[in-house]
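Reader: I'm new to this one. Can you walk me through how to read what sits around a ligand?

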Amino acid sequence: MTDRSGTSATAAGGFGTSGVTGPARVANAARTAVVWDALSQLLARLSDGEPLEIVDAGGGTGGAAVPLAELGHRVTVVEPSPDSLAALERRAAESGVAVRGVQGETRDLASLFPADSADLVLVHNVLEYVDEPAAALADVAGITRPGGAVSLLVTNAVAGALHRALAGHVTEAQHLLSDPDGRWGEADPMPRRLTRQQLLDLINHSGLTGESVRGVRVFADVLPGHAWEGDAQAGQHLVELEKAAADHPELIGIATQLHAVAFKS
Ligand SMILES: C[S@@+](CC[C@H](N)C(=O)[O-])C[C@H]1O[C@@H](n2cnc3c(N)ncnc32)[C@H](O)[C@@H]1O
């Protein structure tokens, strides 16, 4: 709770692991370790020891917001789904922390928060769903204070094609590669996936300064589950492998997700 370096939450397995045990917990740790490490470093960089003002745009049920609140920060989740907000409330209560939940969308951010007010804004797995990603990111940048940061997590279109082919849907994988929205077809439930270049372009056009993009879930989603089942040490090795792969210039290309931290100057 008081350790704002993020160490406690990392030890607890990172985002959204409460109630998760055994192999599922190991798999979750391998999938979240890279993002949580980056956030831990970011929190240390942004905080002078005082709690940070954090907005989680499209924060869902609080998988990131609650661990951040557990570290002592003031977190507001802006989320359109009432069901998710109710689940967030339950999750926060179970963890004994306060997280403010507000029903709204990224387009509402300017009316919900003063301009230049948030130390950190999370936009995790949300740009895939908004009507206009560029407008959404501009709204996010508008409430971020100068010197503050935006944490962006998006679904990688290239990995989407890989996973579709691995599932046996080869023609859909090919369709995805040439689709401007990174979708494998009309029935694809995901409205959009982004390439690394599309993410960088969005960051640059929003006026934020992008740092390097890191790859998340390079191995965890393609290795068979039995690779770490019942073997805590193998699971820890997988976490370390994910951390090593996150900055690998070639492996980033096949990461399931892309994570970027961008700053407002
Ligand atoms: C895949 S979930 C991600 C939830 C959470 N950020 C996470 O990483 O676990 C996508 C979330 O975006 C929300 N969302 C969809 N459209 C949105 C919009 N225009 N503005 C803000 N959030 C939106 C959804 O309700 C949903 O909670």
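This is a predicted model: local features need pLDDT of at least 70, side-chain atom pairs count only at pLDDT 80 or more; totals for chains, interfaces and linings use all residues.

Reader: Okay, so how far is an oxygen atom of the ligand from an N or O atom in the side chain of Glu79?

Author: That distance is 2.5 Å, which falls within the 3.5 Å cut-off. Asn125 also has a polar side-chain atom 2.9 Å from an oxygen atom of the ligand. With Thr106, look at the backbone instead: one of its polar atoms there is 3.0 Å from a nitrogen atom of the ligand.

Reader: And how much of the ligand's accessible area does the protein cover?

Author: On its own the ligand has 590 Å² of accessible area, and the protein covers 72% of that.

Reader: What does UniProt list for residues 55-150?

Author: An unreviewed UniProt entry gives them as "domain: Methyltransferase type". In the model, that span is 36% helix and 28% strand, and its end C-alpha atoms lie 9 Å apart.

Note on methods. Residues are numbered from 1 along each chain as its sequence is written. Side-chain values use heavy atoms; hydrogens and water are left out. A polar contact is a pair of N or O atoms within 3.5 Å; within protein, one must be able to donate a hydrogen and the other to accept it, and residues adjacent in sequence count only if both atoms are side-chain atoms. Accessible areas come from the Shrake-Rupley method with a 1.4 Å probe; for residues, only the protein chains shown count as cover. UniProt positions are given in the numbering used here, feature names are shortened, and annotations may be inferred rather than shown by experiment. Helices (H or I, at least four residues) and strands (E, at least two) are DSSP runs, numbered from the N terminus.
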